[in-house]
Amino acid sequence: MIKVQTQDFELADEYQQLKQDSQANGAIVTFTGLVRDFNQQGQLQALELEHYPGMTEKVLEQICQQAHSRWQLGQIRLIHRVGELAVNEQIVFVGVSSEHRQSAFEAAQFIMDRLKTDAPFWKQEVSGGQKSWVEAKVSDAELAKRWQ
Amino acid sequence: MTGHAKVNILFFGQLKQVLNCARLEWPVTQAMTIAELKQQLMQQSDSWQVLAEEQVLSALNQTLCAADARVNAGDEVAFFPPVTGG
């Protein structure tokens, strides 16, 4: 399940969906990304997240398909929010179920690493009434390489 | 008489802001590559030179593409900076 939406999500609901899916899965791994209150300029007020409707969903779908082909997985649930998000709000959720934990941990990490480098979202930080575009990080590109 | 063959061009992120343009229809007269399309767009004014920057990414029908990708009438093209989601 892949959703790109402005609304917030409930971790407990997503977990239940993963858990109820199949009794063959002994492992569930979830990751949640939050808006951090840290930037170099000063105190962060909000993040604004823009995306490319259509391509965003397509890319996320491809990433999930790649995860399914690399690991034996049950279900993947992925939610990414867009719009204006305040500090400490939830941005992204990745949940993976599988028979055993190694696949679930690795797949969740893979999905996040690939999302960071491939999914068409763009962030702006709002701070002191000013907006500034977040730059893509070299470290994210490096992290994504480990899956090649 | 035929209508003008066109492509829909979308811009995102800081690129959209710098160009002050979210979308543009552009005529496609013959087989054109992404690189050639960029060259034409850049002729509009100085501010469009930003398209020449190395980090500008291109997508053709919602899939990342290279500069030599061929663009056809009815295609959706997009230009944008490196992504920063997650």
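## Chain B: elements and overall form

In this predicted model, chain B holds 2 helices and 7 strands. Starting at the N terminus, the order of these elements is β-α-β-β-α-β-β-β-β. Along the principal axes, the C-alpha atoms of chain B fill a box of roughly 45 × 30 × 20 Å. A compact globule of 86 residues would have a radius of gyration near 12 Å, and the 13 Å found for chain B agrees with that.

Of the 86 residues in chain B, 45% are buried. The accessible surface of the chain is about 4,700 Å², and carbon and sulfur atoms account for 48% of it. Chain B carries 5 positive and 8 negative side chains, with the centres of the two sets 7 Å apart. If contacts are limited to residues at least 6 apart in sequence, 51% of those in chain B join residues at least 24 apart.

## Chain A: elements and overall form

Chain A has 4 helices and 8 strands. Its pattern along the sequence is β-α-β-β-α-β-β-β-α-β-β-α. The C-alpha trace of chain A spans about 50 × 35 × 25 Å along its principal axes. For 148 residues, the radius of gyration of a compact globule would be near 15 Å; the value for chain A is 16 Å, which agrees.

Buried residues account for 46% of the 148 residues in chain A. The chain exposes about 8,000 Å², with 44% of that supplied by carbon and sulfur atoms. There are 15 positive and 20 negative side chains in chain A, and the centres of these two sets lie 4 Å apart. Among contacts between residues at least 6 apart in sequence, 76% in chain A join residues at least 24 apart.

## Aromatic pairs

Another pair consists of Trp122(A) and Phe80(B), and it is tilted: the centres are 5.2 Å apart and the planes make an angle of 55°. This pair crosses between chains, from strand S7 (residues 121–127) of chain A, where Trp122(A) lies, to strand S7 (residues 76–80) of chain B, where Phe80(B) lies. Both Trp122(A) and Phe80(B) are buried. These two residues are also part of a cluster linked by ring pairs, made up of Tyr52(A), Trp122(A), Phe12(B) and Phe80(B).

Gln5(A) is part of strand S1 (residues 2–5) of chain A. Is Gln5(A) buried or exposed? Its relative accessibility is 13%, and the cut-off for buried is under 20%, so Gln5(A) counts as buried. Apart from neighbours within four places in sequence, Gln5(A) is in contact with Ile79(A), His80(A), Arg81(A) and Val82(A).

Pro27(B) belongs to strand S2 (residues 23–27) of chain B. With a relative accessibility of 41%, Pro27(B) counts as partly exposed. When residues up to four places away in sequence are not counted, Pro27(B) touches Ala5(B), Lys6(B), Met32(B) and Gln40(B). Pro27(B) and Leu37(B) are 10 residues apart along the chain, and their C-alpha atoms are separated by 9.6 Å.

## A loop with positive phi values

Most residues other than glycine have a negative phi. Which loop of chain B holds Asn61(B)? Asn61(B) lies in the loop between strand S4 (57–60) and strand S5 (63–65). Its phi is near 50°, a positive value in a residue other than glycine. At 33% relative accessibility, Asn61(B) counts as partly exposed.

Gln62(B) is also placed in the loop between S4 and S5 of chain B. The phi of Gln62(B) is near 70°, again a positive value in a residue other than glycine.

Terms used. Residues are numbered from 1 along each chain as its sequence is written. Chains are lettered from A and ligands numbered from 1 in the order in which they are written. This is a predicted model: local features need pLDDT of at least 70, side-chain atom pairs count only at pLDDT 80 or more; totals for chains, interfaces and linings use all residues. Side-chain values use heavy atoms; hydrogens and water are left out. The radius of gyration is taken over C-alpha atoms; the globule rule is 2.2 Å times the number of residues to the power 0.38. Buried means under 20% relative accessible area, exposed over 50%, partly exposed in between (1.4 Å probe, protein chains only). Contact means heavy atoms within 4.5 Å. Accessible areas come from the Shrake-Rupley method with a 1.4 Å probe; for residues, only the protein chains shown count as cover. Lys and Arg count as positive and Asp and Glu as negative; His and the chain ends are not counted. The place of a charge is taken as NZ of Lys, CZ of Arg, CG of Asp or CD of Glu. Rings of Phe, Tyr and Trp (its six-membered ring) pair if their centres lie within 6.5 Å; planes under 30 degrees apart count as stacked, over 60 as edge-to-face and the rest as tilted.
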